[in-house]
Amino acid sequence: MLKGRDVLSILDFTKGELERLFETAFEMEKKGRGKLRLLEGKILATAFFEPSTRTRLSFEAAMLRLGGSAVGFSDVGRTSLAKGENLADTIRMLDAYADAIVIRHPIEGAAKLAAEVAKSPVINAGDGSRHHPTQAMIDLYTIWRELGGIDGKRIAVLGDLRYGRAATSLIYGLTSFGIEKLFLVSPPSLRLRQEVMDFLGGKVNFSEVENVGEVIGDIDVLYVTRVQRERFPDPAEYEKIKRSYRVDLGLLEKAKDSLIVLHPLPKVGEIDLEVDKTNFARYFKQAAYGVPVRMAILSLVLGAVGRLNDQT
Ligand code: NCD
(Lines give C-alpha, C1' and ligand atoms only; values in the text may rest on other atoms or scores of the structure.)
Protein backbone atom coordinates (compact mmCIF):
# COMPACT_ATOMS: atom_id res chain seq x y z
CA MET A 1 0.00 0.00 0.00
CA LEU A 2 2.77 2.43 0.88
CA LYS A 3 5.56 0.46 -0.79
CA GLY A 4 7.47 2.49 -3.37
CA ARG A 5 5.54 5.67 -2.60
CA ASP A 6 7.04 9.13 -2.39
CA VAL A 7 6.26 11.13 0.75
CA LEU A 8 5.81 14.67 -0.55
CA SER A 9 2.76 16.02 1.28
CA ILE A 10 0.70 14.79 4.24
CA LEU A 11 -2.33 15.19 1.97
CA ASP A 12 -1.12 12.23 -0.13
CA PHE A 13 -2.08 9.92 2.78
CA THR A 14 -5.54 8.77 3.82
CA LYS A 15 -6.65 8.51 7.41
CA GLY A 16 -6.41 4.70 7.11
CA GLU A 17 -2.82 4.91 5.85
CA LEU A 18 -1.85 7.28 8.65
CA GLU A 19 -3.39 4.94 11.24
CA ARG A 20 -1.48 2.02 9.76
CA LEU A 21 1.66 4.13 10.04
CA PHE A 22 0.90 4.91 13.71
CA GLU A 23 0.36 1.24 14.49
CA THR A 24 3.64 0.36 12.79
CA ALA A 25 5.45 3.13 14.70
CA PHE A 26 3.98 1.79 17.94
CA GLU A 27 5.28 -1.69 17.05
CA MET A 28 8.70 -0.12 16.42
CA GLU A 29 8.54 1.59 19.81
CA LYS A 30 7.74 -1.73 21.50
CA LYS A 31 10.81 -3.33 19.90
CA GLY A 32 12.85 -0.97 22.10
CA ARG A 33 16.35 0.20 21.38
CA GLY A 34 17.69 -2.98 19.85
CA LYS A 35 18.69 -3.26 16.21
CA LEU A 36 16.20 -4.79 13.76
CA ARG A 37 17.21 -6.31 10.44
CA LEU A 38 14.25 -5.22 8.33
CA LEU A 39 16.28 -3.00 6.03
CA GLU A 40 19.55 -4.90 6.06
CA GLY A 41 21.48 -4.15 2.85
CA LYS A 42 19.43 -1.01 2.08
CA ILE A 43 20.94 2.46 1.87
CA LEU A 44 19.25 5.77 2.66
CA ALA A 45 20.61 9.00 1.13
CA THR A 46 20.01 12.24 3.03
CA ALA A 47 20.36 15.49 1.06
CA PHE A 48 20.01 18.50 3.35
CA PHE A 49 20.25 21.92 1.71
CA GLU A 50 19.05 23.65 4.91
CA PRO A 51 20.05 23.31 8.58
CA SER A 52 18.61 20.39 10.54
CA THR A 53 19.27 18.57 13.78
CA ARG A 54 16.33 16.32 14.52
CA THR A 55 15.06 15.50 11.07
CA ARG A 56 18.35 14.34 9.57
CA LEU A 57 19.68 12.58 12.65
CA SER A 58 16.40 10.83 13.43
CA PHE A 59 16.13 9.60 9.83
CA GLU A 60 19.69 8.29 10.01
CA ALA A 61 19.12 6.75 13.45
CA ALA A 62 15.89 5.13 12.18
CA MET A 63 17.72 3.63 9.20
CA LEU A 64 20.53 2.27 11.40
CA ARG A 65 18.05 0.80 13.88
CA LEU A 66 16.41 -1.03 10.99
CA GLY A 67 19.74 -2.59 10.04
CA GLY A 68 20.29 -0.36 7.00
CA SER A 69 22.92 2.28 6.31
CA ALA A 70 22.83 6.00 5.59
CA VAL A 71 24.94 8.29 3.43
CA GLY A 72 24.45 11.94 2.68
CA PHE A 73 25.38 15.57 3.10
CA SER A 74 24.20 18.50 5.17
CA ASP A 75 26.79 21.01 4.02
CA VAL A 76 26.11 21.90 0.41
CA GLY A 77 29.38 23.82 0.27
CA ARG A 78 31.20 20.49 0.33
CA THR A 79 29.28 18.91 -2.57
CA SER A 80 29.47 19.38 -6.33
CA LEU A 81 26.51 21.74 -6.06
CA ALA A 82 29.16 24.25 -4.99
CA LYS A 83 30.76 23.67 -8.41
CA GLY A 84 27.48 24.52 -10.11
CA GLU A 85 25.89 21.08 -10.49
CA ASN A 86 22.11 21.27 -10.83
CA LEU A 87 19.70 19.66 -8.37
CA ALA A 88 18.39 17.10 -10.88
CA ASP A 89 21.88 15.73 -11.57
CA THR A 90 22.65 15.51 -7.85
CA ILE A 91 19.42 13.58 -7.29
CA ARG A 92 20.20 11.23 -10.21
CA MET A 93 23.45 10.30 -8.48
CA LEU A 94 21.84 9.73 -5.09
CA ASP A 95 19.22 7.60 -6.85
CA ALA A 96 21.99 5.45 -8.30
CA TYR A 97 23.68 4.99 -4.91
CA ALA A 98 20.72 4.54 -2.56
CA ASP A 99 17.30 2.87 -2.14
CA ALA A 100 15.47 5.95 -0.80
CA ILE A 101 16.23 9.68 -0.67
CA VAL A 102 15.35 12.21 2.03
CA ILE A 103 15.60 15.81 0.86
CA ARG A 104 15.29 19.18 2.60
CA HIS A 105 15.49 22.27 0.43
CA PRO A 106 14.61 25.98 0.75
CA ILE A 107 12.69 26.05 -2.55
CA GLU A 108 9.03 25.04 -2.61
CA GLY A 109 8.53 22.09 -4.92
CA ALA A 110 12.17 20.89 -4.74
CA ALA A 111 11.13 17.50 -3.32
CA LYS A 112 8.55 17.08 -6.06
CA LEU A 113 11.19 17.77 -8.69
CA ALA A 114 13.48 15.22 -7.01
CA ALA A 115 10.66 12.66 -7.06
CA GLU A 116 10.19 13.21 -10.79
CA VAL A 117 13.89 12.53 -11.41
CA ALA A 118 14.43 9.61 -8.99
CA LYS A 119 13.12 6.07 -9.37
CA SER A 120 13.55 5.38 -5.63
CA PRO A 121 11.06 6.79 -3.09
CA VAL A 122 11.71 10.45 -2.23
CA ILE A 123 10.80 11.75 1.20
CA ASN A 124 10.26 15.47 1.64
CA ALA A 125 11.96 16.65 4.83
CA GLY A 126 10.81 20.25 4.28
CA ASP A 127 10.52 22.37 1.14
CA GLY A 128 10.58 26.10 1.89
CA SER A 129 7.51 27.18 3.84
CA ARG A 130 5.27 24.59 2.20
CA HIS A 131 5.34 20.96 3.33
CA HIS A 132 7.02 18.86 6.02
CA PRO A 133 4.94 15.68 5.94
CA THR A 134 7.06 13.47 8.20
CA GLN A 135 7.01 16.13 10.94
CA ALA A 136 3.21 16.20 10.68
CA MET A 137 3.19 12.39 10.98
CA ILE A 138 5.23 12.67 14.19
CA ASP A 139 2.95 15.43 15.52
CA LEU A 140 -0.19 13.41 14.80
CA TYR A 141 1.40 10.30 16.28
CA THR A 142 2.26 12.23 19.44
CA ILE A 143 -1.37 13.32 19.89
CA TRP A 144 -2.53 9.73 19.16
CA ARG A 145 -0.07 8.29 21.71
CA GLU A 146 -0.37 10.91 24.43
CA LEU A 147 -4.15 11.44 24.30
CA GLY A 148 -5.26 8.06 22.95
CA GLY A 149 -6.62 9.45 19.68
CA ILE A 150 -7.08 12.53 17.49
CA ASP A 151 -10.81 12.50 16.70
CA GLY A 152 -12.90 14.84 18.87
CA LYS A 153 -9.94 16.88 20.11
CA ARG A 154 -9.77 20.68 20.43
CA ILE A 155 -6.43 21.86 19.05
CA ALA A 156 -4.73 25.28 18.88
CA VAL A 157 -1.79 25.94 16.54
CA LEU A 158 0.13 29.00 17.73
CA GLY A 159 2.77 31.08 16.02
CA ASP A 160 4.05 31.58 12.51
CA LEU A 161 1.28 30.02 10.46
CA ARG A 162 2.31 31.96 7.37
CA TYR A 163 5.84 30.68 6.82
CA GLY A 164 5.91 27.61 9.09
CA ARG A 165 5.90 24.39 7.07
CA ALA A 166 5.54 22.19 10.17
CA ALA A 167 2.42 24.12 11.23
CA THR A 168 1.02 24.05 7.68
CA SER A 169 1.55 20.31 7.28
CA LEU A 170 0.00 19.56 10.67
CA ILE A 171 -3.03 21.71 9.83
CA TYR A 172 -3.43 19.85 6.52
CA GLY A 173 -3.02 16.53 8.32
CA LEU A 174 -5.71 17.36 10.88
CA THR A 175 -8.27 17.61 8.06
CA SER A 176 -8.11 13.80 7.75
CA PHE A 177 -9.36 13.37 11.32
CA GLY A 178 -12.66 14.30 12.95
CA ILE A 179 -11.33 16.95 15.31
CA GLU A 180 -13.88 19.05 17.15
CA LYS A 181 -12.25 22.45 16.82
CA LEU A 182 -9.09 24.03 15.39
CA PHE A 183 -7.91 27.42 16.63
CA LEU A 184 -5.41 29.23 14.42
CA VAL A 185 -3.57 31.57 16.79
CA SER A 186 -1.16 34.10 15.32
CA PRO A 187 -0.27 37.76 15.10
CA PRO A 188 -2.18 39.32 12.16
CA SER A 189 0.89 39.44 9.89
CA LEU A 190 1.58 35.70 10.39
CA ARG A 191 -1.93 34.42 9.65
CA LEU A 192 -2.38 31.15 7.79
CA ARG A 193 -1.95 31.57 4.02
CA GLN A 194 -5.13 31.99 2.04
CA GLU A 195 -4.68 28.80 -0.02
CA VAL A 196 -4.47 26.70 3.17
CA MET A 197 -7.44 28.54 4.69
CA ASP A 198 -9.46 27.84 1.53
CA PHE A 199 -8.56 24.16 1.79
CA LEU A 200 -9.85 24.00 5.38
CA GLY A 201 -13.26 25.39 4.48
CA GLY A 202 -15.98 22.80 5.09
CA LYS A 203 -13.49 20.16 6.32
CA VAL A 204 -12.73 21.45 9.81
CA ASN A 205 -14.49 23.72 12.27
CA PHE A 206 -11.86 26.44 12.76
CA SER A 207 -11.51 30.02 13.97
CA GLU A 208 -8.70 32.54 13.88
CA VAL A 209 -7.62 34.05 17.18
CA GLU A 210 -4.95 36.63 17.94
CA ASN A 211 -4.26 35.91 21.60
CA VAL A 212 -3.73 32.39 22.96
CA GLY A 213 -5.11 33.51 26.35
CA GLU A 214 -8.59 33.54 24.77
CA VAL A 215 -8.57 29.78 24.12
CA ILE A 216 -6.10 28.26 26.59
CA GLY A 217 -8.83 26.91 28.93
CA ASP A 218 -10.73 25.33 26.07
CA ILE A 219 -8.16 23.08 24.32
CA ASP A 220 -6.59 19.61 24.57
CA VAL A 221 -3.47 20.37 22.50
CA LEU A 222 -1.39 23.54 22.17
CA TYR A 223 1.03 23.28 19.23
CA VAL A 224 3.60 26.09 19.40
CA THR A 225 5.95 27.15 16.58
CA ARG A 226 8.81 29.63 16.32
CA VAL A 227 8.79 32.66 14.03
CA GLN A 228 10.60 31.51 10.85
CA ARG A 229 13.24 34.24 10.73
CA GLU A 230 14.94 32.87 7.61
CA ARG A 231 11.73 33.15 5.54
CA PHE A 232 11.11 36.85 6.17
CA PRO A 233 11.73 38.97 3.09
CA ASP A 234 12.39 41.97 5.40
CA PRO A 235 14.53 41.52 8.56
CA ALA A 236 12.91 44.63 10.12
CA GLU A 237 9.53 42.87 9.94
CA TYR A 238 11.01 39.90 11.84
CA GLU A 239 12.40 42.21 14.53
CA LYS A 240 8.94 43.73 15.02
CA ILE A 241 7.15 40.43 15.36
CA LYS A 242 9.65 38.08 17.05
CA ARG A 243 8.41 38.46 20.62
CA SER A 244 4.72 38.81 19.95
CA TYR A 245 3.67 35.61 21.78
CA ARG A 246 4.98 33.49 24.62
CA VAL A 247 3.83 30.44 26.55
CA ASP A 248 4.62 30.64 30.27
CA LEU A 249 3.39 29.25 33.59
CA GLY A 250 0.99 32.17 34.06
CA LEU A 251 -0.78 31.30 30.82
CA LEU A 252 -0.88 27.58 31.64
CA GLU A 253 -2.58 28.21 35.00
CA LYS A 254 -5.80 28.57 33.03
CA ALA A 255 -5.28 25.33 31.07
CA LYS A 256 -6.95 21.94 31.62
CA ASP A 257 -4.65 19.61 33.63
CA SER A 258 -4.63 17.21 30.69
CA LEU A 259 -3.44 19.81 28.14
CA ILE A 260 -0.36 18.79 26.17
CA VAL A 261 2.03 21.38 24.72
CA LEU A 262 3.83 20.35 21.53
CA HIS A 263 6.49 22.07 19.41
CA PRO A 264 8.36 20.76 16.34
CA LEU A 265 11.56 22.35 17.75
CA PRO A 266 13.85 24.23 17.64
CA LYS A 267 12.22 26.56 20.16
CA VAL A 268 13.88 29.93 20.45
CA GLY A 269 12.21 31.72 23.35
CA GLU A 270 8.49 31.35 22.59
CA ILE A 271 8.15 28.82 25.45
CA ASP A 272 9.44 29.83 28.89
CA LEU A 273 12.07 27.35 30.13
CA GLU A 274 10.01 26.78 33.30
CA VAL A 275 7.37 25.07 31.13
CA ASP A 276 9.89 22.34 30.20
CA LYS A 277 9.61 20.91 33.74
CA THR A 278 5.80 20.64 33.74
CA ASN A 279 3.65 17.71 32.70
CA PHE A 280 2.18 19.91 29.94
CA ALA A 281 5.48 19.82 28.02
CA ARG A 282 5.56 16.89 25.61
CA TYR A 283 7.86 18.35 22.95
CA PHE A 284 10.94 16.37 23.93
CA LYS A 285 8.89 13.18 23.89
CA GLN A 286 7.49 14.29 20.52
CA ALA A 287 11.06 14.66 19.18
CA ALA A 288 11.91 11.19 20.53
CA TYR A 289 8.90 9.73 18.70
CA GLY A 290 10.68 10.93 15.53
CA VAL A 291 12.74 7.73 15.47
CA PRO A 292 9.93 5.11 15.64
CA VAL A 293 7.74 7.14 13.27
CA ARG A 294 10.57 7.46 10.75
CA MET A 295 11.38 3.76 11.19
CA ALA A 296 7.77 3.05 10.26
CA ILE A 297 7.91 5.39 7.25
CA LEU A 298 11.13 3.85 5.94
CA SER A 299 10.05 0.26 6.41
CA LEU A 300 6.66 0.94 4.81
CA VAL A 301 7.97 2.74 1.72
CA LEU A 302 10.75 0.19 1.32
CA GLY A 303 8.23 -2.64 1.61
CA ALA A 304 9.78 -4.39 4.61
CA VAL A 305 7.11 -4.05 7.24
CA GLY A 306 5.49 -7.44 6.57
CA ARG A 307 8.58 -9.03 8.12
CA LEU A 308 8.28 -7.04 11.37
CA ASN A 309 6.70 -9.84 13.37
CA ASP A 310 9.51 -12.24 12.48
CA GLN A 311 11.96 -9.90 14.24
CA THR A 312 12.79 -10.41 17.86
C1 NCD B 1 10.91 22.43 11.63
C2 NCD B 1 11.36 22.73 10.22
O3 NCD B 1 12.51 22.58 9.85
O4 NCD B 1 10.47 23.12 9.45
N5 NCD B 1 11.87 21.74 12.35
C6 NCD B 1 11.84 20.38 12.37
O7 NCD B 1 11.94 19.73 11.35
N8 NCD B 1 11.67 19.80 13.55
C9 NCD B 1 10.39 23.59 12.36
C10 NCD B 1 11.23 24.84 12.43
O11 NCD B 1 12.35 24.90 11.92
O12 NCD B 1 10.74 25.77 13.06
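In this predicted model, a polar side-chain atom of Arg-104 sits 3.0 Å from an oxygen atom of the ligand. Pro-264 uses its backbone instead: one of its backbone N or O atoms lies 2.9 Å from a nitrogen atom of the ligand. These residues belong to the set that surrounds the ligand, which also includes Thr-55, His-132, Gln-135 and Arg-165, along with Gln-228, Leu-265 and Pro-266.

Thr-55 turns up again in the helix packing, as one of the α2 residues that meet α11. Helix α2 covers residues 54-65 and helix α11 covers residues 290-301; their axes are 8 Å apart, at an angle of about 60 degrees. That angle is why α2 counts as oblique to α11, and the crossing is right-handed. On the α2 side, the contact takes in Arg-54, Ser-58 and Phe-59, among others, while Gly-290, Val-291, Arg-294, Met-295 and Leu-298 come from α11. Sorted by type, the residues of this contact are seven nonpolar, three polar and three charged.

A further pair of helices is α3 (residues 87-97) and α4 (residues 110-117), with axes that come within 9 Å and cross at roughly 55 degrees. So α3 and α4 are oblique to each other, and here the crossing is right-handed. Leu-87, Ala-88, Ile-91, Arg-92 and Asp-95 are what α3 brings to the contact, and they meet Ala-110, Leu-113, Ala-114 and Val-117 of α4.

How values were computed: Residues numbered from 1 in each chain as written. Predicted model: local features only at pLDDT ≥ 70, side-chain atom pairs only at ≥ 80, totals over all residues. Heavy atoms only, no water. Axes fitted to C-alpha atoms, helices over the stretch in contact; angles between N-to-C directions. Helix = DSSP H or I, 4+ residues; strand = E, 2+ residues; numbered from the N terminus. Parallel < 35°, antiparallel > 145°, perpendicular 65-115°, else oblique. Left-handed = near helix turned anticlockwise from the far one by under 90°. Contact = heavy atoms within 4.5 Å. Nonpolar A, V, L, I, M, F, W, Y, C, P; charged D, E, K, R; others polar. Near = heavy atom within 4 Å. Polar contact = N/O pair within 3.5 Å; in protein donor to acceptor, adjacent residues only side chain to side chain.
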